[in-house]
Amino acid sequence: MSSELAQIQQQMLNAVTGTSTAVQECLQSGPGCSSERGMDVYRNNRRVVLKSMLSSVYRIVAQIVGDDFFQALIHRYVQTQPSLSGNLHRYGDKLPALLRTMPEAAGLPYLADVAALEWAWHSTYYAPDNADFDMARLAAVAPEAFARLGFVLAPALQLLRSDYPLYAIWQRHQPECEVEQVDLGMGGQCVALWRPYGQVQIRPLSSGEFQLLLALQQGASLEQAVESLDSLTDGEAEVDVQAVLGWLLQQRMLVDIRVAV
Amino acid sequence: MTQLPIAVGVGLRGTHYRDFLADQAPAVPWLEAHSENYFGGGAALHTLMRIRERYPISLHGVGMGLASADGLDADHLRELQQLVATVQPAAVSEHLSWNRSGGQVINDLLPFPYTAEALELVARNVDQVQQALGCAIAVENLSSYVRFRQTAMSEAEFLAALVERTGCKILLDVNNIYVNQVNLGIDARQFMRALPVGQVAEIHLAGFSTLEDCLVDSHSQPVCAEVWLLYAEALQRFGALPTLLEWDIDIPPLTVLMQEADKAQQILQQAGAWQPMNREQKEHGDVL
């Protein structure tokens, strides 16, 4: 059973997010602000707050498409995507998906991947901190158990794969960049984002490094992760596994280890 | 929990991080940080922890939605709990508003009818927050742009009843009651008279913008003359209290913010000797 308060809140939410006027029956106008004007203030607040959030996250997308397109894009997003959290920083995760379905964006096939990179950057920035891993625990693992070793990686680590040169596009849009043009024909790139000491870091990965890290992040044992490289072509599957593990340790991305029985 | 100094603090905004971390720490007695900006971890929280070494911090939530009929968002409460445990702030506050219905959120401070049913619900939610945090929170009155036919008591009466039910404190936003006076016709002075003396823990000051006849609580301007008057009256009634100057849009350089805070500090110092009115005075009529 829905309470009177719950009903009023549902009606007000419908009025703020859409065009419903049912809530007006519950409202009284004040001397300086009619109830219609009052609801306009809330509707406008919502649009301004959500759009400014999207603008702060998707800066490169905005640079690529220009202001008119970007304003239309975030307007559509705000009209169709509800916020689901009282923490505003969670809003905007579905913009890459929206771009993939928009005919107007079809001429920029890499745009959705750029948006995904920007969302990953934002998520890495706000990801929880993780404690330092005690290296003695790794030293205590028996050599014969190493293949069965699984890792819990830092929540801030994000791995992306694109059919386009995502890292080069990202570099092109950094303030200090002098490169004029990215050759889209140079092929796909994989990217890692992480946060070793507060600041977000980014680097390109080879397909093999990406596959290895992705498998480990998803819970595979070291042996399973190395086996998963078999799905790649010979050239791509060449990975210096030790170097990747060393990088994880040095960049504080190892949170926990476990040995599968 | 330590207490906020009885002095005028300012809102901590990203544009002023550098100022607060400079070799010469700006002379600000305390800072208020918006809790949600520091959920999770990383640079934002790291910066807040460095600033915290220099200044007492108050954590001010804008996303809990204490009056949401659907109840509190457990994730949100857990994140706040974690932040409070990490920062160990001098004070924690939230707004008397709702933000969530049917799984959707409006990231704003939305009003609701002040009824017995709502009091029951908000008291339950405040209890839940205070239990999770292990401390009393201060609940702030709202700037509203609509009012409801169903309302059975004033917002001030509602807050007074909430204090009695939950042991929470009141964060009195003087600008909000002025905005509501102009927009909705409430009486700002009557509002203050309805609040229990001794239960107001903090005062907020800010500036509004105008949209034709309507005042919008945008925190984008200096404090207006009428609000300065109300502030002095509030101090006379509730005693000298920690006060915050808020500025959220078109944020000026810190020096401008500090000049505005100085004006408040002068009024607060004049009130320094005042004690909250005692119960006898209250029962024999108000001086306001």
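Helix α9 (residues 207-217) of chain A lies across β3, β4 and β5 of chain A, at about 135° to β3(A). Here axes are lines fitted to C-alpha atoms, for helices over the stretch in contact, and angles run from 0 to 180 degrees between N-to-C directions. Helices (H or I, at least four residues) and strands (E, at least two) are DSSP runs, numbered from the N terminus. Two residues are in contact if their C-beta atoms, placed from the backbone, lie within 7 Å.

This is a predicted model, in which local features need pLDDT of at least 70 and side-chain atom pairs count only at pLDDT 80 or more, while totals for chains, interfaces and linings use all residues. Residues are numbered from 1 along each chain as its sequence is written, and chains are lettered from A and ligands numbered from 1 in the order in which they are written.

**The sheet of chain A**

The strands under α9(A) belong to an open, antiparallel sheet with the order β3-β4-β5. β3 (158-162) and β5 (201-205) of chain A are at the edges with a single partner strand each, so one side of each has no neighbour in the sheet. The twist from one strand to the next averages 20°. α6(A) also lies across β3 and β4 of chain A, at about 175° to β3(A).

Two strand pairs are listed below; strands pair if DSSP finds at least two bridges between them.

| Strands | Sense | Bridges | Facing residues |
|---|---|---|---|
| β1(A) and β8(B) | antiparallel | 2 bridges | A:Gln28 and B:Arg147 |

**Between the chains**

The pairing of β1(A) with β8(B) joins the two chains. In total, 42 residues of chain A are in contact with 46 residues of chain B. On the side of chain A, α1(A) gives the largest share, 10 residues. That side has 21 nonpolar, 16 polar and 5 charged residues. Ala, Val, Leu, Ile, Met, Phe, Trp, Tyr, Cys and Pro count as nonpolar, Asp, Glu, Lys and Arg as charged, and the others, Gly among them, as polar.

**Inside chain B**

Helices α8 (residues 225-238) and α9 (residues 254-270) of chain B have axes that come within 9 Å and cross at roughly 30°. Residues including B:Trp228 and B:Tyr231 in α8(B) meet residues including B:Ile267 in α9(B). The residues of this contact are 7 nonpolar, no polar and no charged.

B:Val139 touches residues including B:Leu66, B:Leu96 and B:Ile170.

Key
Lists of a residue's contacts leave out its neighbours within four places in sequence.
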